[in-house]
Amino acid sequence: LEEKDLDGNTMLSGEFKNVGDKRADFAKIIFLFRTNWQGDTKTITSFISGTTHTFDTGISSDNSILPHAIGNLEMVIPKSFGSFIGYSYVIDWEEYQ
């Protein structure tokens, strides 16, 4: 979902489902924004909120998505980012024990 707030910021939100049989760790979405017709781009990466998991190293993250579970994205693109004419995205994650 793409919306504008009262200050002119762009708000992106959505749900992501892990359709696999393993936990997706450090799940993130990488947006590539096209800023003009000449092909200039800007990139923003945002982590997807999921389940908190503590790894064997002692590091904890709330960006793990369990098998068949849903993670959420809420991202604010500030007005100062500038205008864009479109965007694409890639979802990325890691798999740890």
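Is D21 buried or exposed? With a relative accessible area of 67%, D21 is exposed, where exposed means over 50% relative accessible area, buried under 20%, and partly exposed in between, using a 1.4 Å probe and protein chains only. The structure is a predicted model, in which local features need pLDDT of at least 70 and side-chain atom pairs count only at pLDDT 80 or more, while totals for chains, interfaces and linings use all residues. Residues are numbered from 1 along each chain as its sequence is written, and side-chain values use heavy atoms, with hydrogens and water left out.

To place D21, look at the loop between β2 (10–17) and β3; strands here are DSSP runs (E, at least two residues), as helices are (H or I, at least four), and both are numbered from the N terminus. D21 is 45 residues from L66 in sequence, yet the two are 8.3 Å apart in space, C-alpha to C-alpha. When neighbours within four places in sequence are left aside, D21 is in contact with P67 and H68, contact meaning heavy atoms within 4.5 Å. With H68 there is also a polar contact of 3.2 Å between the side chains; a polar contact is a pair of N or O atoms within 3.5 Å, where, within protein, one must be able to donate a hydrogen and the other to accept it, and residues adjacent in sequence count only if both atoms are side-chain atoms.

From this loop the reader can move on to the sheet. Strands of a sheet pair through backbone hydrogen bonds, either parallel or antiparallel. In this model three strands form an open sheet in the order β4-β3-β8, with antiparallel pairing, and two strands count as paired if DSSP finds at least two bridges between them. The edge strands, β4 (41–47) and β8 (86–94), each pair on one side only. Strand β3 (residues 25–34) is joined to β8 by eight bridges, and I29 stands opposite I91 in β8. Towards β4, seven bridges join the antiparallel pair, and the bridge partner of I30 there is T45. β3 and β4 form a hairpin with six residues between them, and in the turn G39 has a positive phi of about 100°.

Side chains of opposite charge can pair when their charged atoms come close. The model has three salt bridges, each being a side-chain nitrogen of Lys or Arg within 4 Å of a carboxyl oxygen of Asp or Glu. In one of them, E95 pairs with K22, their closest N and O atoms being 3.5 Å apart. Because E95 lies in the segment after β8 and K22 in the loop between β2 and β3, this pair ties together parts that are 73 residues apart in sequence. E95 is partly exposed at 47% relative accessible area, whereas K22, at 53%, counts as exposed.

Another salt bridge joins D92 and K28, with 3.3 Å between the closest N and O atoms. Since D92 belongs to strand β8 and K28 to strand β3, the pair ties together parts that are 64 residues apart in sequence. D92 is partly exposed at 27%, while K28 is buried at 17%.

There is also a salt bridge between the side chains of R23 and D25, at 2.5 Å from N to O. R23 counts as buried at 18% relative accessibility, and D25, which lies in strand β3, is buried with a relative accessible area of 0%. Beyond its neighbours within four places in sequence, D25 is in contact with several residues, among them F55, N63 and W93.
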